[in-house]
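Open the model in your viewer and keep the sequence beside it. The tour goes stop by stop: select, look, move on.

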Amino acid sequence: MIVGEQKPIAEIKESIIPYEKILILGCGTCVKTCFAGGEDEVATLASALRLTFKKDGREIELEEMTIERQCEDEFIQEASVSIARNDAVLSLACGAGVQDIAKRFEKIPVLPGVNTTFIGILEKQGLFTEECLGCGDCTLAMFGGICPVTRCSKKLLNGPCGGSMDGKCEVNPDIDCAWQQIIDRLRLLGQLDNLRKYIPPKNWRTSHAGGPRKLVREDHVI
Amino acid sequence: MNKITLSNLQKILSKGEFAVTAECGPPRGADFEVVRRKGELLKGFVDAVNVTDNQTAIVRMSSIAACVHLFNMGIEPVMQMVTRDRNRIALQSDIMGAYSLGIKNILCLSGDHQTFGSQPDAMNVFDIDSMNLVRTVRDMRSDGKDMSGFDLNEPPLMFIGAAANPFADPFEYRVIRLAKKIDAGVDFIQTQCVYNMDRFKEWIHLAREEGLTEKVHILAGVTPLKSAGMARFIANKVAGMDVPESIIKRMAGVSKENAAKEGVKICLETIAELREIKGVHGIHIMAIEWEEKVGEIVESAGLMPRPEPEE
């Protein structure tokens with residue numbers, strides 16, 4: 001899923017100050033799962049903002065709504081009436097959702113309420129970890145299912161650097177050394193020979209390095 | 001094409017002589033005087049001098065520039081180059097440029113992560129890793145081509161080095177990594193500082209068993225300790241370094257005034273032991289901001305005079 005984190009309330013408040021009527025628009029998929037922008041977060045944020053504006057002696061009209069996904073037109077349409085009657089949209093979706101709303105409602109300002117952080121997993125309750133950089137050329141099979149591009153701080157493809165100690169990364173003892181994990185997993189899989197193979201320089205063209213990417217599925221184009 | 005001349009370090013190592021290298025960290029500024037002073041302290045005592053490339057991710061005078069300053073003083077530089085700050089385009093370009101300026105040794109590294117340094121907000125590059133860099137320099141030398149396969153009008157013929165850390169984890173992988181670097185084309189290895197002699201011996205024993213010490217020149221790293229505090233700091237705070245408790249105790253067991261002397265003594269004992277180990281072809285002295293000690297260490301270790309560079 002796309003993992004995100006709600007922006008600090010002060011930053012959000014600052015961004016909506018110029019407007020009278022604002023739609024707080026939640027997104028019911030990824031950011032809901034990571035407690036950043038689902039309907040619960042929309043409600044909590046709306047209450048908090050009302051309270052803080054009231055303290056300042058200012059009334060603000062906040063409409064609350066959450067749609068299934070802000071990255072698909074089908075769902076965005078459900079919000080079109082609400083979007084049209086407000087001065088601005090405070091979107092609690094990921095950056096993709098924010099931009100999709102902006103694309104479809106050109107004359108209404110769309111403000112981000114969430115910092116989009118990474119593609120990750122819910123490792124355990126309350127803990128989300130980054131697992132994929134979306135490089136566009138998946139080589140997980142080689143590395144025992146652990147991605148060195150994402151999980152090694154130096155993106156090393158040919159083994160651990162000299163800073164791996166007790167299974168931890170030199171950058172931060174909170175980070176597990178991806179290469180220690182790769183080696184441990186390859187051992188379990190009986191694939192330690194993979195470690196001896198030279199991995200040539202990665203082709204980054206399929207990644208963001210090649211510019212913004214597009215996927216065209218001719219078989220689905222209408 | 002220019003006349004092909006080997007680097008001094010390459011000549012010494014290929015003749016089977018015990019090599020001595022040292023290190024020079026460029027200044028945080030544009031003052032060449034700092035490099036000159038360090039160069040003066042090292043000249044004549046070592047066969048080549050490594051010039052670090054923004055070590056610990058702190059912005060300094062570029063490695064290439066400092067290498068040229070040393071070169072102009074008649075000191076042979078080993079240009080360190082990290083993949084942290086440059087993509088493959090810049091790396092290849094700088095290698096050609098460096099060679100054109102007279103630099104003939106390169107040490108290929110990934111580099112300390114930028115979050116350790118003075119500008120932790122920086123974006124890193126890591127387009128390729130140090131293994132890829134070794135192979136790139138080797139392919140330039142042996143095939144005369146850049147990474148795209150383009151024929152270079154004059155290929156850089158670098159003597160290629162890389163680092164090895166026998167003290168990092170996972171231990172069993174460290175020899176595999178050495179073998180991979182050799183396959184990629186490395187000529188010489190400079191190791192992380194040796195304090196834990198047992199572990200170093202175990203590593204080189206495994207390397208010898210795989211026949212690796214016949215295929216590459218290994219220079220063991222040493223760093224003289226200045227104080228017990230420094231020993232503790234290295235042991236606890238520097239990633240990938242291993243200082244056994246016995247060394248820390250020894251440093252703590254002497255008075256403050258005698259600590260530096262004790263540090264040099266430990267260093268000399270380490271060098272003496274390293275010289276007896278089959279498969280060790282030299283030492284790399286990393287006297288951090290203590291370049292004035294290098295001459296004394298080399299002399300006391302009985303490693304003077306250094307072989308004259310041949311014309």
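**Stop 1: a lysine in chain A**

Select Lys155(A): it counts as buried, because it has 22 C-beta neighbours inside 10 Å and the cut-off for buried is 20 or more. This is a predicted model. Lys155(A) sits in the loop between α7 (148-151) and β8 (168-169) of chain A. Check its backbone next. Phi is near 55 degrees, a positive value in a residue other than glycine. Most residues other than glycine have a negative phi.

**Stop 2: a glutamate in chain B**

Now jump to Glu289(B). This residue also is not a glycine, and its phi is positive, about 50 degrees. Find it in the loop between β8 (282-285) and α11 of chain B. Is Glu289(B) buried or exposed? Glu289(B) counts as exposed, because it has 8 C-beta neighbours inside 10 Å and the cut-off for exposed is 12 or fewer.

**Stop 3: two cis peptide bonds in chain B**

Stay in chain B and select Asp169(B) with Pro170(B). The peptide bond from Asp169(B) to Pro170(B) is cis, and omega is near -15 degrees. Pro170(B) belongs to the loop between β5 (159-164) and α6 (171-184) of chain B. Then select Met304(B) and Pro305(B). They too are joined by a cis peptide bond, with omega about -5 degrees. Pro305(B) is in the segment after α11 (292-300) of chain B. Most peptide bonds are trans.

**Stop 4: the domains of chain A**

Go back to chain A and colour it by domain. The assignment gives domain 1 (2-118) and domain 2 (135-209). Over C-alpha atoms, the centres of domain 1 of chain A and domain 2 of chain A are 37 Å apart.

**Stop 5: the parallel sheet**

Four of them make an open sheet in the order β3-β2-β4-β5, with parallel pairing. β3 (61-67) and β5 of chain A are the edge strands, each pairing on one side only. On average, neighbouring strands of this sheet are turned by 25 degrees against each other, direction ignored. Zoom in on β2(A) and β3(A): seven bridges pair them in the parallel sense. Ile24(A) stands opposite Glu64(A) in β3(A).

Helix α1 (residues 9-16) of chain A lies across β2, β4 and β5 of chain A and runs at about 165 degrees to β4(A).

**Stop 6: inside helix α6**

Select residues 95-104 of chain A, which form helix α6. Which residues are buried here? Gly97(A), Val98(A), Asp100(A) and Ile101(A) are. They lie on the same side of α6(A), because they cover an arc of only 165 degrees around the axis. What covers them includes β2 (21-27), α4 (73-76), β4 (88-91) and β5 (110-112) of chain A.

**Stop 7: the antiparallel sheet**

Move to the open sheet of three strands in chain A, ordered β1-β6-β7 with antiparallel pairing. Its edge strands are β1 (2-6) and β7 (127-132) of chain A. From one strand to the next, the twist averages 70 degrees. Follow strand β6 (residues 114-124) of chain A: five bridges join it to β7(A). Ile121(A) stands opposite Thr129(A) in β7(A).

**Last stop: where the chains meet**

Show both chains. Contacts link 25 residues of chain A with 24 residues of chain B. The side of chain A that touches chain B has 12 nonpolar, eight polar and five charged residues.

Terms used:
Residues are numbered from 1 along each chain as its sequence is written. Chains are lettered from A and ligands numbered from 1 in the order in which they are written. This is a predicted model: local features need pLDDT of at least 70, side-chain atom pairs count only at pLDDT 80 or more; totals for chains, interfaces and linings use all residues. Domain bounds come from an automatic or database domain assignment. Helices (H or I, at least four residues) and strands (E, at least two) are DSSP runs, numbered from the N terminus. The arc is that of the directions from the helix axis to the C-beta atoms. Two residues are in contact if their C-beta atoms, placed from the backbone, lie within 7 Å. Two strands pair if DSSP finds at least two bridges between them. Axes are lines fitted to C-alpha atoms, for helices over the stretch in contact, and angles run from 0 to 180 degrees between N-to-C directions. Ala, Val, Leu, Ile, Met, Phe, Trp, Tyr, Cys and Pro count as nonpolar, Asp, Glu, Lys and Arg as charged, and the others, Gly among them, as polar.
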